[in-house]
Amino acid sequence: MEKFNIVMLGAPGSGKGTQAKILAEKFNLAHISTGDLFRKQISSGSPLGLEAKSYIDRGALCPDSLTINMLHDFLTKLPDVKGHIFDGVPRTVQQAQMLDGVGFPTVLPLHLVLNLNVDADEISRRLLKRAEIEGRSDDTPEIIEKRIQNYFAQTKPLEDYYEKKGILRQINGMGTVEGIFEELCKVVSAEMK
Ligand code: AP5
Ligand code: MG
């Protein structure tokens, strides 16, 4: 059976990780966050982690090839799954093309791209609050600002890329986690049938 593949798109702090985790549980899909994979590499002190850290700590995106190679490596080790929810990848048009089979050994047909829309004030509020609780090294006001700038410059163009493919769905990312989840579930259920 063909796997069902979803991409969570949206600005830093838009709720990609929060929603991907619960959607993955509900629909029995593998949640894959390249941000989490990089953070694991950093805590293990691997050369890949060391390289990634130099980008992450200044709010820049890691190079496409580094990201896609790490993702491919991770995917080949996954047990057989019904599908994937990609959280934070692809993040550039080049990464999207790679997932579409250009320079990527496996073609990953994507079925749905869920774009979470959250306004700038709410993004800052959420990330500064998380900074107090979790202390993620890239959640400082200066680095958050850089991440948002890079999102607009490098990731937002993906909306157009996936709109043209007819798989983009705009989701209101403001409101409660439960309310947004309910909306996402409706959209996913309708497509998975
Ligand atoms: P990554 O880890 O992907 O970070 P990000 O995209 O900047 O986004 P966040 O994880 O901060 O936000 P999110 O949208 O997941 O929201 P969350 O659910 O956590 O990437 C980090 C770095 O790694 C990048 O800057 C880059 O350097 C590198 N990287 C990763 N992938 C890459 C790639 N593909 N290519 C190149 N480089 C890459 O929510 C945020 C907070 O808000 C949480 O505290 C949460 O509890 C809270 N929250 C969530 N929903 C709600 C709600 N509805 N109401 C109130 N609070 C909420
Ligand atoms: Mg995240």
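Modeller: Happy to! Let's begin with the polar contact, which is a pair of N or O atoms within 3.5 Å. Keep in mind that this is a predicted model.

Biologist: How far from an oxygen atom of ligand 1 does a polar side-chain atom of arginine 147 lie?

Modeller: The distance is 2.8 Å, so the pair falls within the 3.5 Å limit. The side chain of arginine 136 also takes part, with an N or O atom 3.1 Å from an oxygen atom of ligand 1. Alanine 60 uses its backbone instead: an N or O atom there is 2.6 Å from a ligand oxygen.

Biologist: What share of the ligand does the protein bury?

Modeller: Ligand 1 exposes 1,000 Å² when taken alone, and 87% of that is buried by the protein.

Biologist: Which residues of the shell come closest to the ligand?

Modeller: There are 31 residues around ligand 1, and the closest are Thr18, Thr34, Ala60, Arg130 and Arg147. By class, the shell holds 11 nonpolar, 12 polar and eight charged residues. Helix H2 is the top contributor to this shell, giving four residues.

Biologist: And where does ligand 1 sit?

Modeller: In the largest pocket, which has a volume of about 1,200 Å³. Its lining counts 49 residues, with Gly13, Lys16, Arg130, Arg136 and Arg147 closest to the centre. Here helix H6 gives the most, with six residues.

Biologist: How does that lining divide by class?

Modeller: Into 16 nonpolar, 20 polar and 13 charged residues.

Terms used: Residues are numbered from 1 along each chain as its sequence is written. Chains are lettered from A and ligands numbered from 1 in the order in which they are written. This is a predicted model: local features need pLDDT of at least 70, side-chain atom pairs count only at pLDDT 80 or more; totals for chains, interfaces and linings use all residues. Side-chain values use heavy atoms; hydrogens and water are left out. On a 1 Å grid over the protein atoms alone, a cavity is a set of points where a 1.4 Å probe fits but cannot get out, and a pocket is an open set with protein on both sides within 12 Å along at least five of seven lines; lining residues have an atom within 4 Å of a point. Grid points are joined across faces, edges and corners, and a volume is the space filled by probe spheres set on the points. Helices (H or I, at least four residues) and strands (E, at least two) are DSSP runs, numbered from the N terminus. Ala, Val, Leu, Ile, Met, Phe, Trp, Tyr, Cys and Pro count as nonpolar, Asp, Glu, Lys and Arg as charged, and the others, Gly among them, as polar. A residue is near a molecule or strand if one of its heavy atoms lies within 4 Å of it. A polar contact is a pair of N or O atoms within 3.5 Å; within protein, one must be able to donate a hydrogen and the other to accept it, and residues adjacent in sequence count only if both atoms are side-chain atoms. Accessible areas come from the Shrake-Rupley method with a 1.4 Å probe; for residues, only the protein chains shown count as cover. A molecule sits in a cavity or pocket if more than half of its atoms lie within 2 Å of its grid points.
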